[in-house]
Amino acid sequence: MRPIRLALPATALLLCALSAPAARAAPPASGEWTAAPASGGGTRAAGADGRPSFYLEGAPGTVLEDTVSLSNPSDAPLTLGLRGAAAYNTPHGDFAVRETPDPWIVLAAPEVRIPPHTRADVPFAVTVPPGAQPGDHPAALVASANGRVVGIRLQLRVSGPMLSALTVESVRVDKDHGLIRYALVNRGNTALTPRLAVRAEGVFGRVLARPARHVPVELLPGQRVELTEPWPHPPALDRVTVRLDVDADGGARSTAKASAAFVPWGAVAGAGCVLLGGAATALRLVRRRRRRPAGSAGPGEVAVAERELAQTGARQ
């Protein structure tokens with residue numbers, strides 16, 4: 001492996017190092033150290049704006065090399081820790097790296113001391129095991145110093161047959177939070193950027209139609225993520241079938257459905273109370289009539305009978 005190279009005060013080199021972006025990291029504040037891919041490395045030609053990440057591709061059993069460039073623009077010496085780490089998706093789809101070092105990645109030094117106003121180029125090698133599976137093996141180089149951590153994406157592809165495959169699963173309507181919940185699973189060996197289309201059909205016709213658009217997630221091989229789609233204004237009264245269609249480059253496609261009933265329970269409860277109240281009143285009247293003894297008369301009937309008797313006595 002090539003030795004670490006130090007570039008002592010050179011304005012042009014320093015500005016170049018500061019301008020190279022570190023993947024997945026916020027822009028450094030003025031005077032902060034930086035970490036970025038060195039120019040001219042990797043197995044893919046860089047664009048006009050340099051390399052935002054490392055890209056290496058090779059067959060099983062090969063050794064791939066590249067260089068990370070670290071700069072210290074401050075007036076004090078700086079010690080940076082370096083490690084390589086495999087990447088994964090968090091449950092909600094964020095890109096993250098393992099805490100343990102990746103055994104495929106070997107750096108020229110795990111710790112580098114950089115003098116003030118100096119840039120250090122640190123070589124590293126990726127050894128692809130002979131039995132490595134074809135496809136994408138995402139990773140990152142992680143640099144840390146003074147409580148700050150910067151991760152640089154390392155896109156590693158092992159040569160061989162590529163398969164793009166994904167499924168959408170566990171679809172359900174969360175009516176309490178106005179969401180459609182679902183899971184995406186990458187069942188192939190390539191990293192995917194899925195697109196999602198949403199439709200919902202009710203008894204009275206279509207109630208939701210959203211054309212396909214990119215989901216803000218890079219779905220890594222073998223990973224499962226739990227995602228949501230907002231639905232803040234569903235129908236007030238309907239039974240719907242929600243359909244999610246997902247696709248990605250390489251021919252990956254999947255569809256899943258879920259059903260949900262929307263009922264305005266407040267209005268139903270109010271109407272139910274009115275009906276129950278009317279039924280209870282009617283039931284009390286019926287029971288009151290049934291409790292009267294046979295041959296007995298109510299107050300009104302007694303009064304009529306007394307008047308008839310009085311009239312009969314007068315005629316006699």
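Q: In β12, which residue is the bridge partner of Ala-139?
A: This is a predicted model, where local features need pLDDT of at least 70, side-chain atom pairs count only at pLDDT 80 or more, and totals for chains, interfaces and linings use all residues. Residues are numbered from 1 along each chain as its sequence is written, and side-chain values use heavy atoms, without hydrogens and water. Strands are DSSP runs of E with at least two residues, numbered from the N terminus. In β12, Ala-139 has as its bridge partner Leu-154.

Q: Over how many bridges do β11 and β12 pair?
A: Strands pair if DSSP finds at least two bridges between them. β11 covers residues 139-145. Its pairing with β12 is antiparallel, and the bridges number seven.

Q: Which residue in the turn between β11 and β12 has a positive phi?
A: The two strands form a hairpin with two residues between them. A phi of about 55 degrees belongs to Asn-146.

Q: In which sense, parallel or antiparallel, do β3 and β12 pair?
A: β3 spans residues 54-58 and β12 spans residues 148-158. Gly-58 has Val-158 as its bridge partner in β12. Five bridges join the two strands, and the sense is parallel.

Q: Which residue in β12 stands opposite Asp-136?
A: β10, residues 135-136, pairs with β12 in the antiparallel sense over two bridges. Opposite Asp-136 stands Arg-157.

Q: What percentage of the residues in the protein is buried?
A: Buried means under 20% relative accessible area, with a 1.4 Å probe and protein chains only. The protein has 316 residues. The buried share is 38%.

Technical notes. Helix = DSSP H or I, 4+ residues; strand = E, 2+ residues; numbered from the N terminus. Buried < 20%, exposed > 50% of the residue type's maximum accessible area, 1.4 Å probe, protein only.
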